[in-house]
Amino acid sequence: MALTNNTNGKTSGNEKIALSRDLNLFTITMIGVGGMIGAGIFVLTGIAAGKAGPALVLAFLLNGIVTTFTALSYAELGSAFPEAGGGYLWVKEGLGGTNGFLAGWMSWFAHAAAGSLYALGFGRFATELWHMAGASMFGLSINQMTLVFVTLIIITFTYINYRGASETGTVGNIVTMAKIVILGLFVLFGILAMLRTDVWHVRFTEEFMPNGFFGIVVAMGLTFIAFEGYEIIAQSGEEAIDPKRNIPRAIIFSILIAVTIYILVSIAAIGATVPPAGVKVWDYLGEQGEIAIVEVAQQTFPWGVGGIILLVSALVSTMSALNATTYSSSRVSFAMGRDYNLPPVFAQIHPEKLTPHWAVIISGALMLAMSWALPIEHVAAAADIMFLMLFLQVNVTVMALRRKMPDLNRGFKVPFMPTIPIIGIVFNLILAGFLFEFSPLAWYFAISWIVAGMLAYYAYFSKIEVLEKPKEILHEEILATRQYSVVVPVSDPEQARILGRIGANIARDHDGDILALHVIKVPQQLGLGEGRVMLKQGRPYLEEVIKQGKLFQVPVHTVLRIGRNAAEAVRKTVIENAGDLILLGWPGYTKTSGRLFGSVIDPIMDDPPTDIALVRYREYRPLKSILVPVGGGPNSRRALNLAISMARQSEENNQPVQITLLHVTPEGSGQHGAARAQTVYRDLLNSVSYEHLATVTLEGSEVANTILDFANGSADRPADDLIVIGATNEPLFKNLMVGNMIEKIAYEAKVTVVVVKRRSSPLHSFLRQTVLEPSTDGKEKT
C-alpha cells in the first residue's frame, strides 16, 4: 500500500498521492464484467434488436471482435502504466498535455454518462417491480418514480465508493456473480422454450437481416457502451495486485465472458419470444425498449416468475454496472486533479478511507444531473461517442509510445503492430459516424462538452499545469537572441569542443547564435527534483561551447535540463526555443544494442523537429576542401548550404575553401547519366552564391565506395578534409533514418562526416510517431 501524509491534493518534495493495492485478478475481472453486463443486456437489447433484427447476435459478435482491437492496446498500456487514470494518463504521456486533457475530459464524461444510463435503467426496472407489487406510487407518475429510484441508487453507490476500493470490489463481486447466475437461467429457459417452437430457425436464416448491414452497424454503435469495461479495469491499475500480469489477463477474460453472455442472451431472446399476431419478433422487442428482456422472461420462465426474476436480475445488473462506472469516473477525475487538469479538490484523499472522496462525490453529482436532464437513449449514444473517441486516442497512443518509449517495461505487447491499432481506429470512426444517424442530439451534446472542456483547459488548467509540474530547466542563461539559432546538445568535453566549433561556424555565417544544451538524465526510481544534485556535472561542457563561441564572436546561450528521456528533452528545447538547426555529435559507435547511432540520436534523426546535422567526428583537420555528394532533393540542398556556411567561415590566411559537388551515376549510363547529373547540379546551384565550387560526375557500381575513394584523394587531387552529405530522401509511408549508403560513408570515411536531414513535415511526423516502424535501411538517392 502506497500512502502519503499529504491529503489535500498537493505534493511537496518527493511525496506522492497514491492509492492502496488490494484488488486481485478475480476482483478486477469482475469489475470489468460488471461494467460490460449492464445496460447492454437489459436496457439496450430490445432497442438494438429493433434495429438489427435477429442479426443482433452478429452485432454482438462483431462488437466483441471490434472491441478486441482496442482492448489489446488497453492491455499493453495498462500493464505498462498501472495507475489510476487509464486512457487519460496514457494519452497525456504519448500525445501531450492537450490531447491528454481531452482524453481525460471525455473519459470522465463517458463514465459518468454510462453511470447515469445504468441508474436510469435501474430506476425504470425498480418502478416496474414496485408497480407489479401493487405498492403505492404516492401520486407520482412512472417517470417521476423512476427518478426517485435513480437518485437513491446513485447516492447509495457514491457512498459505497466513498467507503473504499475493497468494499467496492466485494460488493461488485457479489453483484456480478448474482447477475451471471440469473442470466444463465434466462439463457437455459429461453433456449428450452425456443426449441419447443417451430419458427425459431426461420428467424435466424430467412429473416436474419431485415434492415440489412446498416441495421447491424447502428445496433453495434448503440450497444458498444456495453464493452467499455476494460477502460474500467485500466482505472483500477493503481489499486490492482501485480498489475503488469493481472491487468491484461483481466481485460481478455472479461471480454470473453461478456461476449459469450451477450450472444447467448440475444439468441434466447430472438428465438424464444412469441410476439403478438402479425408483429415481427424484433419489432416487438424494439417496442418494449428497456423492459424487452423482462417480457421475454415472462414468456419463457416456468411458474410465471420470469418477469420478477429478470427484473431482479436487471436491478442487479444495472447496480453492478453503476458501481463500476462510479468507481472509474472518480478515478479518472482523481488522476486529472492530481495533474492539475481539474481543480485540486479532485486529488484529495480521505485520511481514513484512503479514497479520492471528493472525486467520488462530484462524479456522483454529475451522474445525477445527467440522469435528470437527458433521455435514456441519448445518454447511451453520447457515452458511446465519447468512449469511441477515447479509444481512438488510445490506439494512436499505443503506437506513439512504442516509438517514444521502446524500452518501457510492458507486461503485454500488442501483436502485429501497427496493424491492430489501425484497424481499431478505423472501426472506432465508423461506429461513431453511424451513431449520428441514430442520435444527432448525442453528437451535438458531445461536441458541446468537448468545446467547453477545451475552453477551460486553455483559459485556466493549462497554465496551472505548467506552474505546478516539476521544473525541468535547472539553469538557463539567455542573452539577446538573434534570428538564426543552432542548438548544440553536448554530453562530454571533447564533443563540446568539436560541436561548439562547427556550430559557431554555422551560426556566424547566418549572423545567429548557439544554444548549448546539456541534459541530466534522471533514473525512474528518483524524482525529477533530485536531478538538481547533478547540476554541477554539466556546467563544464557548456563552458567549452562558450569558449568556442568566443573564438568566433558568436553569442552562446546555455541550458541545463533534467528529464527521463534525453531525446525528448532535446526535442522540447528545440521546439520551445524555435531552433533552426540541431547539431548532434556521434563518435562512430554506440553502447546501446539495437540502435544505429544511440538511444538519444536515433529518435531525433527519425523524426527531426527542425533541420538536423549529425557530425561523425574524426581528428581535426584545417578545412581546405569539402566534398558534397549529391543526388538531388531537399536534403542535398541543405547539405550544400551548410557546406558553404562552413567554407565561408573557415578561410585561413585568405585561402578559400574548395567545395566539390560529386554525383555518382550507374556504370555504363553514359550520356543519360551525365544529363541527369547536370540536372541535379542546375537545381542545386540555381540560388547558390559561392565562387570556389566545382562539379564532378563519376560512374560507379557501388555509390558509397565511389564516394569514399574519391574523398581519399589521388595523385592528381588531395584528399578532402570534410564530407557533408544529405540524408536519403524518405517516401511518405516509409521511415528511413539516413539511408544505408549514408551509414556506410559515415562509418568508413577517414575524415569528419556531416549528415544533413530536413525537419519532418506535420503529416510525416505523425506517421513516424505512430504508424511507421523505425528503419535504418534505404536505397533512395540522396
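A charge sits over a ring if NZ of Lys or CZ of Arg is within 6 Å of the ring centre and within 35 degrees of the ring normal. Here, R616 lies over the face of W586, at 5.7 Å from the ring centre. Welcome to a predicted model, in which local features need pLDDT of at least 70 and side-chain atom pairs count only at pLDDT 80 or more, while totals for chains, interfaces and linings use all residues. Residues are numbered from 1 along each chain as its sequence is written, and side-chain values use heavy atoms, with hydrogens and water left out.

**Aromatic pairs**
- Searching the whole structure gives 23 aromatic pairs (rings of Phe, Tyr and Trp, the last by its six-membered ring, with centres within 6.5 Å; planes under 30 degrees apart are stacked, over 60 edge-to-face, the rest tilted).
- One of them is the tilted pair of F109 and W449, at 5.0 Å centre to centre with 40° between the planes.
- This pair links distant parts of the chain, 340 residues apart: F109 is in helix α6 (residues 97–132) and W449 in helix α19 (residues 440–468).
- Helices are DSSP runs of H or I, at least four residues, numbered from the N terminus.
- F436 and Y444 make an edge-to-face pair, because their planes stand at 80°, with ring centres 6.1 Å apart.

**Burial**
- Both F109 and W449 are buried (under 20% relative accessible area; exposed is over 50%, partly exposed in between, with a 1.4 Å probe and protein chains only).
- F436 is partly exposed, with a relative accessible area of 37%.

**Around E544**
- E544 belongs to helix α21 (residues 535–551) and counts as buried at 17% relative accessibility.
- Leaving aside residues up to four places away in sequence, E544 touches P493, A496 and R497 (heavy atoms within 4.5 Å).

Methods: Helix = DSSP H or I, 4+ residues; strand = E, 2+ residues; numbered from the N terminus.
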